[in-house]
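Got your viewer open and ready? Let's take a short walk, one selection at a time.

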Amino acid sequence: MIINDPFEHATRQLNDACDILGIDDKGVRQYLATPNRVLRVKIPVVMDDGRLRVFTGFRSQHNNDRGPYKGGLRYLDPKGGIEYAEREVMALSAWMTWKTALVNVPLGGGKGAVYVNPKTENISSKELERITRRFAFEIAEIIGPKKDIPAPDVYTTGTEMAEIMDVYGKLNNKTWQPGVITGKPLNMGGSQARSVATGLGTAYCVRQATKKTGMDLHGASVILQGFGNASTFAGEYLEKMGCIIKGASDSRGSILIADGAKMSDLERHKSETGTVVGFPNSEKVATDQLLTAKCDILIPGALENQITTDIAENIKCKIIGEAANGPTLPDADPILFEKNIQVIPDILANAGGVTISYYEWVQNNMGYYWEFDDVASKMEAHLIHGFDEAFDISMEKKVDMRRATMSVAVKRVYEAFKTRGIWP
Ligand code: NAD
(Lines give C-alpha, C1' and ligand atoms only; values in the text may rest on other atoms or scores of the structure.)
Protein backbone atom coordinates (compact mmCIF):
# COMPACT_ATOMS: atom_id res chain seq x y z
CA MET A 1 0.00 0.00 0.00
CA ILE A 2 1.25 3.48 -0.86
CA ILE A 3 1.21 5.92 2.07
CA ASN A 4 0.40 9.54 1.26
CA ASP A 5 -0.19 8.62 -2.37
CA PRO A 6 0.43 11.86 -4.33
CA PHE A 7 -1.79 10.75 -7.22
CA GLU A 8 -4.67 10.22 -4.83
CA HIS A 9 -4.04 13.75 -3.49
CA ALA A 10 -3.99 15.20 -7.00
CA THR A 11 -7.28 13.42 -7.78
CA ARG A 12 -8.87 14.74 -4.59
CA GLN A 13 -7.91 18.27 -5.56
CA LEU A 14 -9.43 17.71 -9.01
CA ASN A 15 -12.68 16.44 -7.49
CA ASP A 16 -12.85 19.49 -5.21
CA ALA A 17 -12.55 21.72 -8.27
CA CYS A 18 -15.20 19.69 -10.12
CA ASP A 19 -17.54 20.20 -7.12
CA ILE A 20 -17.07 23.98 -7.39
CA LEU A 21 -17.56 23.91 -11.17
CA GLY A 22 -20.60 21.62 -11.00
CA ILE A 23 -18.92 18.92 -13.11
CA ASP A 24 -20.81 15.92 -11.72
CA ASP A 25 -20.34 13.47 -14.59
CA LYS A 26 -18.20 10.63 -13.21
CA GLY A 27 -16.87 9.80 -16.68
CA VAL A 28 -15.66 13.36 -17.21
CA ARG A 29 -14.00 13.36 -13.80
CA GLN A 30 -12.27 10.09 -14.64
CA TYR A 31 -11.18 11.48 -18.01
CA LEU A 32 -9.67 14.56 -16.34
CA ALA A 33 -7.97 12.53 -13.60
CA THR A 34 -6.38 9.74 -15.62
CA PRO A 35 -3.05 10.19 -17.45
CA ASN A 36 -3.29 9.51 -21.19
CA ARG A 37 -0.24 7.27 -20.97
CA VAL A 38 2.39 6.20 -18.43
CA LEU A 39 5.52 4.73 -19.96
CA ARG A 40 7.84 2.71 -17.72
CA VAL A 41 11.27 1.93 -19.16
CA LYS A 42 14.30 -0.17 -18.33
CA ILE A 43 17.61 1.72 -18.39
CA PRO A 44 20.60 -0.65 -18.52
CA VAL A 45 23.87 1.16 -17.80
CA VAL A 46 27.48 -0.05 -17.49
CA MET A 47 28.88 1.69 -14.40
CA ASP A 48 32.46 2.99 -14.13
CA ASP A 49 33.61 -0.21 -12.41
CA GLY A 50 32.26 -2.39 -15.24
CA ARG A 51 29.15 -3.61 -13.36
CA LEU A 52 25.81 -3.58 -15.18
CA ARG A 53 23.04 -1.72 -13.34
CA VAL A 54 19.44 -1.56 -14.45
CA PHE A 55 17.54 1.62 -13.54
CA THR A 56 13.82 2.30 -13.95
CA GLY A 57 12.49 5.40 -15.65
CA PHE A 58 9.02 6.84 -16.21
CA ARG A 59 7.26 9.38 -18.39
CA SER A 60 3.66 10.16 -17.54
CA GLN A 61 1.71 12.07 -20.19
CA HIS A 62 -1.35 13.33 -18.39
CA ASN A 63 -3.27 15.57 -20.77
CA ASN A 64 -2.65 17.28 -24.12
CA ASP A 65 -6.05 18.79 -24.85
CA ARG A 66 -4.57 22.32 -24.79
CA GLY A 67 -1.12 21.65 -26.30
CA PRO A 68 1.87 19.30 -26.17
CA TYR A 69 2.63 17.56 -22.87
CA LYS A 70 5.04 19.62 -20.76
CA GLY A 71 6.85 18.89 -17.52
CA GLY A 72 10.13 18.16 -15.81
CA LEU A 73 12.33 15.11 -15.35
CA ARG A 74 13.58 14.28 -11.86
CA TYR A 75 16.26 11.90 -10.65
CA LEU A 76 15.04 10.77 -7.27
CA ASP A 77 14.44 7.74 -5.06
CA PRO A 78 11.42 8.73 -2.96
CA LYS A 79 10.62 6.79 0.21
CA GLY A 80 8.13 4.15 -0.83
CA GLY A 81 10.23 2.78 -3.68
CA ILE A 82 9.61 2.42 -7.40
CA GLU A 83 5.84 1.97 -7.09
CA TYR A 84 5.58 5.22 -5.13
CA ALA A 85 7.82 6.93 -7.70
CA GLU A 86 5.38 5.96 -10.46
CA ARG A 87 2.40 7.42 -8.54
CA GLU A 88 4.46 10.53 -7.83
CA VAL A 89 5.19 11.03 -11.53
CA MET A 90 1.52 10.55 -12.37
CA ALA A 91 0.52 13.18 -9.79
CA LEU A 92 3.20 15.59 -10.94
CA SER A 93 2.05 15.20 -14.54
CA ALA A 94 -1.53 16.05 -13.51
CA TRP A 95 -0.34 19.13 -11.61
CA MET A 96 1.48 20.21 -14.79
CA THR A 97 -1.80 20.03 -16.73
CA TRP A 98 -3.46 22.30 -14.17
CA LYS A 99 -0.43 24.60 -13.97
CA THR A 100 -0.17 25.27 -17.71
CA ALA A 101 -3.94 25.81 -17.83
CA LEU A 102 -3.96 28.16 -14.84
CA VAL A 103 -1.29 30.47 -16.27
CA ASN A 104 -2.84 30.02 -19.69
CA VAL A 105 0.08 28.84 -21.79
CA PRO A 106 -0.89 26.51 -24.68
CA LEU A 107 0.65 23.34 -23.26
CA GLY A 108 -0.53 20.18 -21.52
CA GLY A 109 0.92 18.23 -18.61
CA GLY A 110 3.61 15.55 -18.34
CA LYS A 111 6.35 14.50 -15.96
CA GLY A 112 9.20 12.01 -15.92
CA ALA A 113 11.64 10.46 -13.51
CA VAL A 114 14.49 8.06 -13.16
CA TYR A 115 14.56 6.12 -9.92
CA VAL A 116 18.06 7.05 -8.80
CA ASN A 117 19.54 9.47 -6.27
CA PRO A 118 22.73 10.79 -7.87
CA LYS A 119 23.81 12.44 -4.60
CA THR A 120 23.43 9.66 -2.04
CA GLU A 121 24.51 6.96 -4.50
CA ASN A 122 27.64 8.87 -5.54
CA ILE A 123 26.87 8.49 -9.23
CA SER A 124 29.78 9.89 -11.27
CA SER A 125 29.17 12.50 -13.97
CA LYS A 126 30.01 9.96 -16.70
CA GLU A 127 27.57 7.43 -15.22
CA LEU A 128 24.91 10.13 -14.99
CA GLU A 129 25.45 10.99 -18.64
CA ARG A 130 25.04 7.33 -19.65
CA ILE A 131 21.82 7.08 -17.58
CA THR A 132 20.50 10.28 -19.16
CA ARG A 133 21.33 9.33 -22.74
CA ARG A 134 19.87 5.83 -22.40
CA PHE A 135 16.72 7.24 -20.76
CA ALA A 136 16.42 9.76 -23.61
CA PHE A 137 16.77 6.89 -26.11
CA GLU A 138 14.00 4.94 -24.35
CA ILE A 139 11.50 7.83 -24.30
CA ALA A 140 12.53 9.35 -27.66
CA GLU A 141 9.56 7.94 -29.53
CA ILE A 142 7.00 9.63 -27.26
CA ILE A 143 8.66 13.06 -26.89
CA GLY A 144 9.11 15.80 -29.51
CA PRO A 145 8.60 19.55 -30.01
CA LYS A 146 4.95 19.01 -30.91
CA LYS A 147 4.38 15.98 -28.69
CA ASP A 148 5.99 16.21 -25.27
CA ILE A 149 8.62 18.69 -24.07
CA PRO A 150 10.52 17.75 -20.87
CA ALA A 151 12.46 20.17 -18.62
CA PRO A 152 14.66 20.09 -15.48
CA ASP A 153 13.36 19.18 -12.05
CA VAL A 154 14.87 17.75 -8.86
CA TYR A 155 18.55 16.79 -9.39
CA THR A 156 18.52 17.47 -13.14
CA THR A 157 20.03 20.56 -14.79
CA GLY A 158 20.77 22.11 -18.18
CA THR A 159 23.53 19.52 -18.67
CA GLU A 160 21.02 16.66 -18.80
CA MET A 161 18.65 18.73 -20.99
CA ALA A 162 21.43 19.30 -23.57
CA GLU A 163 22.25 15.57 -23.59
CA ILE A 164 18.60 14.64 -24.14
CA MET A 165 18.33 17.19 -26.98
CA ASP A 166 21.48 15.72 -28.52
CA VAL A 167 20.16 12.13 -28.40
CA TYR A 168 16.76 13.15 -29.75
CA GLY A 169 18.27 15.17 -32.61
CA LYS A 170 20.61 12.32 -33.60
CA LEU A 171 17.72 9.84 -33.60
CA ASN A 172 15.75 12.22 -35.82
CA ASN A 173 17.97 12.33 -38.89
CA LYS A 174 20.69 14.24 -37.02
CA THR A 175 18.60 17.39 -36.95
CA TRP A 176 18.81 20.47 -34.69
CA GLN A 177 15.90 20.00 -32.30
CA PRO A 178 16.08 22.54 -29.45
CA GLY A 179 12.28 22.62 -29.12
CA VAL A 180 12.19 19.05 -27.78
CA ILE A 181 13.25 20.16 -24.31
CA THR A 182 13.52 23.32 -22.20
CA GLY A 183 15.82 24.47 -19.42
CA LYS A 184 18.75 24.10 -21.82
CA PRO A 185 22.01 26.02 -21.42
CA LEU A 186 21.99 29.37 -23.26
CA ASN A 187 24.43 28.15 -25.93
CA MET A 188 22.10 25.23 -26.75
CA GLY A 189 18.99 27.34 -27.39
CA GLY A 190 18.10 28.05 -23.77
CA SER A 191 16.21 31.17 -22.74
CA GLN A 192 17.29 34.12 -20.68
CA ALA A 193 15.71 33.95 -17.22
CA ARG A 194 14.91 30.22 -17.41
CA SER A 195 17.47 29.29 -14.75
CA VAL A 196 15.92 31.68 -12.21
CA ALA A 197 12.34 31.43 -13.48
CA THR A 198 10.71 29.23 -10.86
CA GLY A 199 12.00 31.16 -7.85
CA LEU A 200 11.47 34.52 -9.53
CA GLY A 201 7.87 33.52 -10.24
CA THR A 202 7.41 32.49 -6.59
CA ALA A 203 8.67 35.91 -5.51
CA TYR A 204 6.27 37.67 -7.92
CA CYS A 205 3.37 35.65 -6.45
CA VAL A 206 4.39 36.38 -2.85
CA ARG A 207 4.58 40.09 -3.69
CA GLN A 208 1.08 39.92 -5.21
CA ALA A 209 -0.21 38.14 -2.08
CA THR A 210 1.18 40.90 0.14
CA LYS A 211 -0.53 43.51 -2.06
CA LYS A 212 -3.86 41.68 -1.60
CA THR A 213 -3.43 41.22 2.14
CA GLY A 214 -1.84 44.60 2.89
CA MET A 215 1.35 43.12 4.30
CA ASP A 216 4.64 45.02 4.01
CA LEU A 217 7.31 43.00 2.20
CA HIS A 218 10.05 45.25 3.50
CA GLY A 219 11.60 43.53 6.52
CA ALA A 220 9.34 40.48 6.21
CA SER A 221 11.02 37.29 7.47
CA VAL A 222 11.37 34.31 5.15
CA ILE A 223 12.10 30.61 5.77
CA LEU A 224 13.21 28.47 2.85
CA GLN A 225 12.80 24.71 2.84
CA GLY A 226 15.24 23.24 0.32
CA PHE A 227 18.20 25.07 -1.13
CA GLY A 228 18.08 24.14 -4.80
CA ASN A 229 16.92 25.89 -7.94
CA ALA A 230 13.37 26.79 -6.93
CA SER A 231 14.01 27.81 -3.31
CA THR A 232 17.35 29.61 -3.75
CA PHE A 233 16.09 31.96 -6.45
CA ALA A 234 12.85 32.53 -4.51
CA GLY A 235 15.08 33.57 -1.60
CA GLU A 236 17.30 35.78 -3.77
CA TYR A 237 14.40 37.67 -5.33
CA LEU A 238 12.46 38.01 -2.07
CA GLU A 239 15.64 39.43 -0.53
CA LYS A 240 15.83 41.94 -3.41
CA MET A 241 12.24 42.90 -2.58
CA GLY A 242 13.30 43.70 1.01
CA CYS A 243 12.77 40.41 2.88
CA ILE A 244 15.18 38.88 5.41
CA ILE A 245 16.09 35.18 5.30
CA LYS A 246 15.66 33.63 8.75
CA GLY A 247 15.83 29.90 7.99
CA ALA A 248 16.92 27.42 5.35
CA SER A 249 17.34 23.69 4.80
CA ASP A 250 18.61 21.02 2.45
CA SER A 251 18.78 17.23 2.40
CA ARG A 252 21.37 17.32 5.23
CA GLY A 253 19.27 19.36 7.70
CA SER A 254 17.58 22.60 8.67
CA ILE A 255 18.79 25.81 10.31
CA LEU A 256 17.24 28.89 11.87
CA ILE A 257 19.19 32.15 11.84
CA ALA A 258 17.77 34.51 14.49
CA ASP A 259 19.53 37.61 13.15
CA GLY A 260 18.91 36.74 9.51
CA ALA A 261 21.41 35.97 6.75
CA LYS A 262 22.29 37.27 3.34
CA MET A 263 21.48 34.81 0.55
CA SER A 264 24.97 35.28 -0.93
CA ASP A 265 26.56 34.22 2.40
CA LEU A 266 24.28 31.18 2.67
CA GLU A 267 25.07 30.21 -0.92
CA ARG A 268 28.81 30.58 -0.32
CA HIS A 269 28.59 28.41 2.80
CA LYS A 270 26.61 25.77 0.90
CA SER A 271 29.05 25.70 -2.01
CA GLU A 272 32.04 25.44 0.34
CA THR A 273 30.65 22.79 2.71
CA GLY A 274 27.94 21.07 0.64
CA THR A 275 25.14 22.08 3.05
CA VAL A 276 23.53 25.07 4.73
CA VAL A 277 23.95 23.30 8.09
CA GLY A 278 26.74 24.82 10.18
CA PHE A 279 26.17 28.36 8.87
CA PRO A 280 27.72 30.81 11.39
CA ASN A 281 25.35 31.91 14.20
CA SER A 282 22.64 29.49 13.11
CA GLU A 283 20.84 26.84 15.15
CA LYS A 284 20.34 23.36 13.71
CA VAL A 285 16.71 22.28 14.07
CA ALA A 286 14.44 19.41 13.02
CA THR A 287 12.30 19.75 9.86
CA ASP A 288 9.08 20.31 11.82
CA GLN A 289 10.75 23.07 13.86
CA LEU A 290 11.81 24.79 10.65
CA LEU A 291 8.34 24.61 9.14
CA THR A 292 6.59 25.83 12.29
CA ALA A 293 9.07 28.56 13.28
CA LYS A 294 7.69 32.09 13.51
CA CYS A 295 8.10 33.93 10.20
CA ASP A 296 6.08 35.98 7.73
CA ILE A 297 6.69 33.92 4.60
CA LEU A 298 7.34 30.19 4.38
CA ILE A 299 8.66 28.79 1.11
CA PRO A 300 8.42 24.98 0.98
CA GLY A 301 10.77 24.47 -1.96
CA ALA A 302 12.00 20.88 -1.71
CA LEU A 303 9.61 17.95 -1.91
CA GLU A 304 5.97 16.94 -1.52
CA ASN A 305 4.07 15.88 1.63
CA GLN A 306 5.84 18.32 3.97
CA ILE A 307 2.95 20.30 5.48
CA THR A 308 0.97 17.66 7.34
CA THR A 309 -2.07 18.35 9.53
CA ASP A 310 0.20 18.47 12.62
CA ILE A 311 2.52 21.00 10.97
CA ALA A 312 -0.48 23.02 9.75
CA GLU A 313 -1.88 23.19 13.30
CA ASN A 314 1.41 24.63 14.54
CA ILE A 315 2.47 26.75 11.60
CA LYS A 316 2.97 30.46 12.39
CA CYS A 317 3.64 32.15 9.06
CA LYS A 318 1.27 34.50 7.22
CA ILE A 319 1.99 33.45 3.64
CA ILE A 320 3.03 30.08 2.20
CA GLY A 321 4.52 30.20 -1.29
CA GLU A 322 4.66 26.62 -2.56
CA ALA A 323 7.79 26.62 -4.71
CA ALA A 324 7.82 22.81 -4.52
CA ASN A 325 5.15 20.63 -6.08
CA GLY A 326 2.64 19.06 -3.70
CA PRO A 327 4.19 20.16 -0.39
CA THR A 328 0.84 20.38 1.44
CA LEU A 329 -1.33 17.37 2.24
CA PRO A 330 -5.03 17.79 1.29
CA ASP A 331 -6.16 17.48 4.94
CA ALA A 332 -3.85 20.34 5.92
CA ASP A 333 -5.47 22.83 3.50
CA PRO A 334 -8.66 23.45 5.52
CA ILE A 335 -6.57 24.02 8.67
CA LEU A 336 -4.46 26.65 6.93
CA PHE A 337 -7.61 28.26 5.50
CA GLU A 338 -9.21 28.35 8.95
CA LYS A 339 -6.06 30.02 10.32
CA ASN A 340 -6.29 32.67 7.60
CA ILE A 341 -2.87 31.79 6.19
CA GLN A 342 -2.55 32.90 2.59
CA VAL A 343 -1.45 29.81 0.65
CA ILE A 344 -0.13 30.37 -2.86
CA PRO A 345 -0.62 26.88 -4.29
CA ASP A 346 2.14 25.10 -6.20
CA ILE A 347 0.39 25.28 -9.55
CA LEU A 348 0.63 29.06 -9.27
CA ALA A 349 3.66 29.70 -7.03
CA ASN A 350 6.08 27.62 -9.09
CA ALA A 351 4.52 28.22 -12.52
CA GLY A 352 7.24 30.73 -13.45
CA GLY A 353 9.40 27.78 -14.54
CA VAL A 354 6.98 26.35 -17.05
CA THR A 355 5.95 29.81 -18.25
CA ILE A 356 9.50 30.70 -19.22
CA SER A 357 9.92 27.17 -20.57
CA TYR A 358 6.98 27.98 -22.83
CA TYR A 359 8.77 31.12 -24.02
CA GLU A 360 11.99 29.12 -24.49
CA TRP A 361 10.06 26.76 -26.76
CA VAL A 362 8.50 29.72 -28.63
CA GLN A 363 12.01 31.18 -29.19
CA ASN A 364 13.28 27.78 -30.38
CA ASN A 365 10.39 27.46 -32.81
CA MET A 366 11.01 30.89 -34.35
CA GLY A 367 14.82 30.79 -34.05
CA TYR A 368 14.95 34.29 -32.54
CA TYR A 369 15.92 35.09 -28.96
CA TRP A 370 14.75 37.71 -26.44
CA GLU A 371 16.48 39.56 -23.59
CA PHE A 372 16.01 38.74 -19.88
CA ASP A 373 13.48 41.52 -19.19
CA ASP A 374 11.37 40.61 -22.25
CA VAL A 375 10.90 37.06 -21.02
CA ALA A 376 10.64 37.84 -17.29
CA SER A 377 7.97 40.50 -17.84
CA LYS A 378 5.95 38.16 -20.06
CA MET A 379 6.13 35.52 -17.30
CA GLU A 380 5.13 38.03 -14.62
CA ALA A 381 2.01 38.97 -16.59
CA HIS A 382 0.86 35.32 -16.82
CA LEU A 383 1.39 34.73 -13.10
CA ILE A 384 -0.26 37.91 -11.90
CA HIS A 385 -3.24 37.29 -14.17
CA GLY A 386 -3.54 33.70 -12.85
CA PHE A 387 -3.20 34.94 -9.28
CA ASP A 388 -5.88 37.62 -9.64
CA GLU A 389 -8.30 35.33 -11.46
CA ALA A 390 -8.03 32.72 -8.69
CA PHE A 391 -8.07 35.31 -5.90
CA ASP A 392 -11.38 36.73 -7.16
CA ILE A 393 -12.90 33.22 -7.20
CA SER A 394 -11.60 32.51 -3.70
CA MET A 395 -13.31 35.68 -2.47
CA GLU A 396 -16.52 35.12 -4.39
CA LYS A 397 -16.94 31.43 -3.49
CA LYS A 398 -15.25 31.72 -0.07
CA VAL A 399 -12.86 28.87 -0.85
CA ASP A 400 -9.11 28.55 -0.35
CA MET A 401 -6.66 29.42 -3.13
CA ARG A 402 -6.00 25.71 -3.86
CA ARG A 403 -9.63 25.19 -4.83
CA ALA A 404 -9.76 28.55 -6.60
CA THR A 405 -6.65 27.97 -8.74
CA MET A 406 -7.72 24.41 -9.50
CA SER A 407 -11.17 25.50 -10.60
CA VAL A 408 -9.72 28.10 -13.02
CA ALA A 409 -7.40 25.44 -14.46
CA VAL A 410 -9.87 22.55 -14.61
CA LYS A 411 -12.48 24.73 -16.33
CA ARG A 412 -9.98 25.62 -19.06
CA VAL A 413 -9.01 21.98 -19.70
CA TYR A 414 -12.62 20.79 -19.50
CA GLU A 415 -13.65 23.35 -22.12
CA ALA A 416 -10.79 22.34 -24.42
CA PHE A 417 -11.83 18.69 -24.05
CA LYS A 418 -15.44 19.54 -24.90
CA THR A 419 -14.32 21.54 -27.95
CA ARG A 420 -12.07 18.76 -29.27
CA GLY A 421 -14.35 15.84 -28.48
CA ILE A 422 -13.35 12.17 -28.47
CA TRP A 423 -11.92 10.37 -31.50
CA PRO A 424 -11.74 7.57 -32.49
P1 NAD B 1 16.94 20.97 -6.95
O2 NAD B 1 17.50 19.66 -7.28
O3 NAD B 1 17.57 22.17 -7.56
O4 NAD B 1 16.90 21.20 -5.38
C5 NAD B 1 16.29 20.30 -4.51
C6 NAD B 1 16.61 20.78 -3.11
O7 NAD B 1 15.85 20.00 -2.17
C8 NAD B 1 18.09 20.59 -2.73
O9 NAD B 1 18.51 21.75 -2.04
C10 NAD B 1 18.05 19.41 -1.77
O11 NAD B 1 19.09 19.45 -0.84
C12 NAD B 1 16.71 19.63 -1.11
N13 NAD B 1 16.20 18.45 -0.45
C14 NAD B 1 16.16 17.18 -0.89
N15 NAD B 1 15.61 16.40 0.06
C16 NAD B 1 15.30 17.22 1.11
C17 NAD B 1 14.71 17.01 2.36
N18 NAD B 1 14.32 15.81 2.75
N19 NAD B 1 14.55 18.10 3.19
C20 NAD B 1 14.93 19.33 2.79
N21 NAD B 1 15.50 19.58 1.61
C22 NAD B 1 15.67 18.53 0.78
O23 NAD B 1 15.38 20.88 -7.32
P24 NAD B 1 14.39 22.03 -7.71
O25 NAD B 1 14.34 22.09 -9.17
O26 NAD B 1 14.66 23.24 -6.92
O27 NAD B 1 13.01 21.37 -7.25
C28 NAD B 1 12.50 21.54 -5.93
C29 NAD B 1 11.00 21.52 -6.00
O30 NAD B 1 10.56 22.55 -6.89
C31 NAD B 1 10.41 20.22 -6.53
O32 NAD B 1 9.17 19.96 -5.91
C33 NAD B 1 10.17 20.54 -8.00
O34 NAD B 1 9.19 19.72 -8.58
C35 NAD B 1 9.72 21.97 -7.87
N36 NAD B 1 9.80 22.73 -9.12
C37 NAD B 1 10.98 22.95 -9.74
C38 NAD B 1 10.99 23.66 -10.93
C39 NAD B 1 12.26 23.99 -11.66
O40 NAD B 1 12.19 24.73 -12.65
N41 NAD B 1 13.40 23.52 -11.24
C42 NAD B 1 9.79 24.13 -11.48
C43 NAD B 1 8.60 23.93 -10.79
C44 NAD B 1 8.62 23.21 -9.61
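Which side chain has an N or O atom 3.2 Å from an oxygen atom of the ligand? Select Arg194: an N or O atom in its side chain is at that distance, 3.2 Å, from a ligand oxygen. Before moving on, know that this is a predicted model, where local features need pLDDT of at least 70, side-chain atom pairs count only at pLDDT 80 or more, and totals for chains, interfaces and linings use all residues. Residues are numbered from 1 along each chain as its sequence is written, and side-chain values use heavy atoms, with hydrogens and water left out.

**Stop 1: around the ligand**

Keep the ligand in view and pick Ala230, where a polar backbone atom sits 2.8 Å from a ligand oxygen. Then try Ala323, with a polar backbone atom 3.4 Å from an oxygen of the ligand. On its own the ligand would expose 820 Å², and the protein buries 87% of that (areas by the Shrake-Rupley method with a 1.4 Å probe).

Now show the 21 residues around the ligand, meaning those with a heavy atom within 4 Å of it. Asp153, Thr198, Asn229, Ala230 and Asn325 come nearest. Color this shell by class and you'll find eight nonpolar, nine polar and four charged residues. (Asp, Glu, Lys and Arg count as charged; Ala, Val, Leu, Ile, Met, Phe, Trp, Tyr, Cys and Pro as nonpolar; the others, Gly among them, as polar.) Highlight α7 (229-240) and β7 (244-250) too, as each supplies at least two shell residues. Helices here are DSSP runs of H or I with at least four residues, strands are E runs of at least two, and both are numbered from the N terminus.

**Stop 2: helix α5**

Select residues 158-171. Ten of the 14 residues of α5 are buried, so the helix is largely enclosed by the rest of the structure. Buried means under 20% relative accessible area (1.4 Å probe, protein chains only). Among them are Met161, Ile164, Val167 and Tyr168. What do the buried residues of α5 pack against? Look for β3 (69-75), α4 (125-139) and β5 (148-152). Just past the helix, Asn173 has a positive phi of about 55 degrees.

**Stop 3: Thr328**

Finally, jump to the loop between β11 (319-321) and α11 (333-338), where you'll find Thr328. Is Thr328 buried or exposed? Thr328 is buried, with a relative accessible area of 4%. Leaving out residues up to four places away in sequence, Thr328 touches Ile307, Glu322, Asp333, Leu336 and Arg402, where contact means heavy atoms within 4.5 Å.

Key. Polar contact = N/O pair within 3.5 Å; in protein donor to acceptor, adjacent residues only side chain to side chain. Buried < 20%, exposed > 50% of the residue type's maximum accessible area, 1.4 Å probe, protein only.
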